[in-house]
Amino acid sequence: MNTDTQPAAPAPTLALNQHSFLQLMWLASPALPIGGFSYSEGLEAAINAALVTTEKGAASWLVQQLHLTQSRGDMAVIAQAVAAWQHNDLSQVAALNQWVRTTRETSELRLQTEQMGRSLTEWLRNRYADAPEHHASITWLGAQDASYPVAFAFAAFCTGAAPRDALLAFAFGWAENMVQAAIKAVPLGQSAGQRILAKLTQEIPQAVDHALALPDSGRQVFSPMLAILSAQHEHQYSRLFRS
């Protein structure tokens with residue numbers, strides 16, 4: 001008898017239907033009018049402090065930011081919020097929103113999530129103007145002054161996509177915006193930007209899986225250097241970006 005251990009076959013996954021796929025592409029697009037292009041999330045301050053000066057440095061910075069802040073923070077919130085929306089658990093959604101708003105470490109970072117959340121809520125109001133089944137939830141989001149991750153989770157829920165697909169779309173949209181910020185602020189060429197984006201896309205699935213696996217108590221936004229740089233950016237003399 002052959003006693004060799006064979007690797008288990010991967011579990012089958014359901015294909016994303018074309019409607020959900022296109023809706024997620026829409027949400028991930030930099031053209032979505034929520035202002036994401038106007039933020040660098042501390043990258044501009046890191047460049048000003050000479051911590052990021054090259055393509056390699058920008059790639060390393062963004063990969064670390066993906067794993068240390070996005071995966072453990074906003075992406076984990078989105079994963080839990082999508083599930084909460086699926087169960088119409090508004091108390092959990094409210095708790096997640098409060099967590100995001102109270103754990104932003106600087107005024108810039110808090111203003112960013114508030115502004116993008118409001119803009120996405122308004123986009124949702126326009127997008128689903130002819131879908132009365134969503135009106136109450138969108139009104140509730142506005143009343144909560146929803147943060148960007150919580151508003152994004154509702155937008156993803158409306159597409160019918162699974163949490164993992166929603167996180168892949170969110171992470172790619174974040175990566176594309178941040179690469180554009182690096183291109184403008186380092187500065188870098190378009191080819192360098194594409195190489196950085198290729199590196200980030202290799203890292204995104206791992207970051208998504210980590211976010212999905214985090215329990216409620218596992219979320220965190222502990223990134224002292226990023227917080228210091230963000231605070232410094234608030235008073236930086238010359239700036240291209242709002243954060």
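A nonpolar core is a set of buried Ala, Val, Leu, Ile, Met, Phe, Trp, Tyr and Cys residues joined through side-chain atoms within 4.5 Å, where buried means under 20% relative accessible area, exposed over 50% and partly exposed in between, with a 1.4 Å probe and protein chains only. The model is predicted, so that local features need pLDDT of at least 70 and side-chain atom pairs count only at pLDDT 80 or more, while totals for chains, interfaces and linings use all residues. Residues are numbered from 1 along each chain as its sequence is written, and side-chain values use heavy atoms, with hydrogens and water left out.

**Exercise 1. Describe the largest nonpolar core and the surroundings of leucine 43.**

Step 1. The largest nonpolar core has 75 residues, and those with the most contacts inside it are Leu43, Met75, Leu120, Leu124 and Leu200.

Step 2. Helix H3 (residues 55-86) gives the most to this core, with 14 residues; helices (H or I, at least four residues) and strands (E, at least two) are DSSP runs, numbered from the N terminus.

Step 3. With neighbours within four places in sequence left aside, leucine 43 is in contact with Val52, Trp61, Leu62, Met178, Ala181 and Ala182, contact meaning heavy atoms within 4.5 Å.

**Exercise 2. Determine how helices H8 and H9 pack.**

Step 1. Helix H8 (residues 163-185) and helix H9 (residues 190-213) pack at an angle of about 150°, with their axes 9 Å apart; the axes are lines fitted to C-alpha atoms, for helices over the stretch in contact, and angles run from 0 to 180 degrees between N-to-C directions.

Step 2. H8 is therefore roughly antiparallel to H9, given that angles under 35 degrees count as roughly parallel, over 145 as roughly antiparallel, 65 to 115 as roughly perpendicular and the rest as oblique.

Step 3. The residues of the contact of H8 with H9 divide into 17 nonpolar, 4 polar and 3 charged, where Ala, Val, Leu, Ile, Met, Phe, Trp, Tyr, Cys and Pro count as nonpolar, Asp, Glu, Lys and Arg as charged, and the others, Gly among them, as polar.

**Exercise 3. Classify the packing of H3 and H7.**

Step 1. H3 and helix H7 (residues 148-159) pack at an angle of about 45°, with their axes 8 Å apart, and the two helices are therefore oblique to each other.

Step 2. The contact involves residues including Val77, Ile78 and Trp85 of H3 and Phe152, Phe154 and Phe157 of H7.

Step 3. By class, the contact of H3 with H7 has 12 nonpolar, 1 polar and 1 charged residues.
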